[in-house]
Amino acid sequence: MANHKSSLKRIRQTKTRTLHNRYYAKTMRNAVRKLRAMTDKDEAVKMYPIVQKMLDKLAKTNIIHKNKAANLKSSLAQHINKLG
């Protein structure tokens, strides 16, 4: 167990941040899954900017890597274009 006040505080802060980051990462994954499951092109086109904004925000705050966000946006755009 930690002995210093600062290390105890660091443990508390890390736990809080981990929960926060996990929540937003999971929300993003569910949104991506939902978009990939869509078969209607109009609905997918409406939802894409929302997911794109979410990915950009998470990449900006380093919850996910910027290249991962770019790869996801690219693959989702391809998926939407394939829809008839």
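Visitor: Where is the place of Asn 62?

Guide: Asn 62 sits in the loop between H2 and H3. Here helices are DSSP runs of H or I with at least four residues and strands are runs of E with at least two, numbered from the N terminus. What you see is a predicted model, where local features need pLDDT of at least 70, side-chain atom pairs count only at pLDDT 80 or more, and totals for chains, interfaces and linings use all residues. Residues are numbered from 1 along each chain as its sequence is written, and side-chain values use heavy atoms, with hydrogens and water left out.

Visitor: Why does Asn 62 count as exposed?

Guide: Exposed means over 50% relative accessible area, buried means under 20%, and partly exposed lies in between (1.4 Å probe, protein chains only). Asn 62 has a relative accessibility of 68%, so it counts as exposed.

Visitor: What else can you tell me about Asn 62, which is not a glycine?

Guide: Asn 62 has a positive phi of about 60°. As background, most residues other than glycine have a negative phi.

Visitor: How do you know that the span of H3 is close to the one expected?

Guide: The expected span of a helix is 1.5 Å times one less than its number of residues. Helix H3 covers residues 66-82, which makes 17 residues, and 24 Å is expected for it. From its first C-alpha to its last, H3 reaches 25 Å, close to that value.

Visitor: And what makes the span of H1 agree?

Guide: H1 has 33 residues and should span 48 Å, and its end C-alpha atoms are 48 Å apart, so the two agree.

Visitor: Which residues of H3 are buried?

Guide: They are Ala 69, Leu 72, Lys 73, Leu 76 and Ile 80.

Visitor: What do the buried residues of H3 pack against?

Guide: They pack against helix H1 (5-37) and helix H2 (41-60), where contact means heavy atoms within 4.5 Å. H1 has buried residues too: Ala 25, Met 28, Ala 31, Val 32 and Leu 35. Those pack against H2 and H3.

Visitor: Why are H2 and H3 called roughly antiparallel?

Guide: Axes are lines fitted to C-alpha atoms, for helices over the stretch in contact, and angles run from 0 to 180 degrees between N-to-C directions. Angles under 35 degrees count as roughly parallel, over 145 as roughly antiparallel, 65 to 115 as roughly perpendicular, and the rest as oblique. H2 and H3 pack at about 175°, with their axes 10 Å apart, so they are roughly antiparallel. Among the residues that meet here are Tyr 48 and Leu 55 in H2 and Leu 72 and Leu 76 in H3.

Visitor: What makes Lys 66 exposed?

Guide: Lys 66 is in helix H3, and its relative accessibility of 59% makes it count as exposed. Its C-alpha is 8.6 Å from that of Leu 55, 11 residues apart in sequence.

Visitor: Why does Lys 68 count as partly exposed?

Guide: Lys 68, also a residue of H3, has a relative accessibility of 44%, so it counts as partly exposed.

Visitor: What makes Tyr 23 and Tyr 24 an edge-to-face pair?

Guide: Rings of Phe, Tyr and Trp (its six-membered ring) pair if their centres lie within 6.5 Å; planes under 30 degrees apart count as stacked, over 60 as edge-to-face, and the rest as tilted. The structure holds 1 aromatic pair. Tyr 23 and Tyr 24 form it, with 4.9 Å from centre to centre and 80° between the planes, and that is edge-to-face. Tyr 23, at 53% relative accessibility, counts as exposed, whereas Tyr 24, at 36%, is partly exposed.
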